[in-house]
Amino acid sequence: MDLDLIRNHPSQGLVGFWHFAHSFVRGNWRNEEESTFSLLSKSCHDIDLISFWMGDRRCLKVSSFGHLSHFTKEHKPEGAASRCLDCAVEEACPYSAQKIYLKSAQKGDFGWPTSVVCSKGVHDIEALTEELRTGPYGRCVYDCDNNVCTNQVVNLEYEGGVTAAFTMIAFTQCVGVRETVVYGTKGELRCTGAGPIELFNFVTKNKSEHRGKLAAFMPLGLMAHGGADYYFIENFTAAVAKNDPSLIRTGPEETLRSHLLVFAAEKSRKENRVVFLENGREKL
């Protein structure tokens with residue numbers, strides 16, 4: 001159904017409470033000086049999707065707010081140790097490394113994220129325990145060198161008065177899931193994760209559900225990111241095989257434009273102001 005003109009587009013990126021602790025407090029993307037800010041490392045895809053859905057409309061303004069909360073020394077529980085293996089209050093902590101890694105390994109599961117912890121490639125309880133005793137993933141989440149945002153709101157205004165709002169949230173039950181709502185003049189769309197997409201028609205007041213068509217077979221190694229890895233490879237190989245560039249829906253220009261929006265949002269957050277854009281770049 002044609003929603004006519006999209007007037008508002010709120011979206012949420014649900015990172016997951018333990019996933020954030022793993023990747024953005026203890027892990028590789030915890031410190032902006034060593035990697036980058038969390039909106040870019042985790043949610044550039046979300047801003048990219050919003051821009052893709054907006055079609056040819058250019059973004060005119062960006063504002064953003066957010067900060068690092070909870071995972072700081074000020075929130076460290078009384079009696080907590082610097083490492084989870086030595087901690088007297090570990091059982092009461094949802095971010096305990098023993099809960100996130102050891103309990104899965106004890107059940108024979110050495111997949112992600114536990115596989116990341118075993119940096120030497122040895123996947124057994126003894127090696128994992130040693131890594132948690134000495135490595136970065138065994139640290140108390142309140143004693144790390146993390147400095148990236150746990151939550152951030154991005155507000156975008158596109159041509160024609162169309163607005164979008166995105167929120168990155170660390171403290172969620174769902175892991176790596178998007179919640180999206182599109183408000184149009186003739187209807188409303190809602191979708192969480194892989195769907196279904198729910199449509200409410202303003203004219204008929206009827207609700208309906210719609211599911212995307214999935215590949216009949218998808219290799220296990222390409223099922224990540226909701227199957228996006230598979231479709232990325234499929235579209236690319238099909239475009240090469242058929243000599244048809246139109247099968248590749250976006251290119252470097254679109255990628256650059258959406259990444260510039262992410263940088264503009266972070267600039268807005270840090271400088272506490274609205275950033276005005278022209279052709280995808282800040283007006284000087």
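**Buried and exposed partners in salt bridges**

Glu266 is buried, with a relative accessible area of 5% (buried means under 20% relative accessible area, exposed over 50%, and partly exposed in between, with a 1.4 Å probe and protein chains only). The model is predicted, so that local features need pLDDT of at least 70 and side-chain atom pairs count only at pLDDT 80 or more, whereas totals for chains, interfaces and linings use all residues. Residues are numbered from 1 along each chain as its sequence is written, and side-chain values use heavy atoms, with hydrogens and water left out.

Glu266 meets Arg269 in a salt bridge with an N to O distance of 2.8 Å; a salt bridge is a side-chain nitrogen of Lys or Arg within 4 Å of a carboxyl oxygen of Asp or Glu. Both residues lie in helix 7 (residues 252-271), 3 residues apart, about one turn of the helix. Helices (H or I, at least four residues) and strands (E, at least two) are DSSP runs, numbered from the N terminus.

A salt bridge also joins Asp46 and Arg178, with the closest N and O atoms 2.5 Å apart. This pair links distant parts of the chain, 132 residues apart: Asp46 belongs to helix 2 (residues 38-53) and Arg178 to strand 5 (residues 177-184). Asp46 is buried at 5% relative accessible area, while Arg178 is partly exposed at 31%.

The side chains of Arg133 and Asp86 form a further salt bridge (3.8 Å, N to O). Arg133 is partly exposed, at 40% relative accessibility, and Asp86 is exposed, at 51% relative accessible area. By this rule, the count of salt bridges comes to 14.
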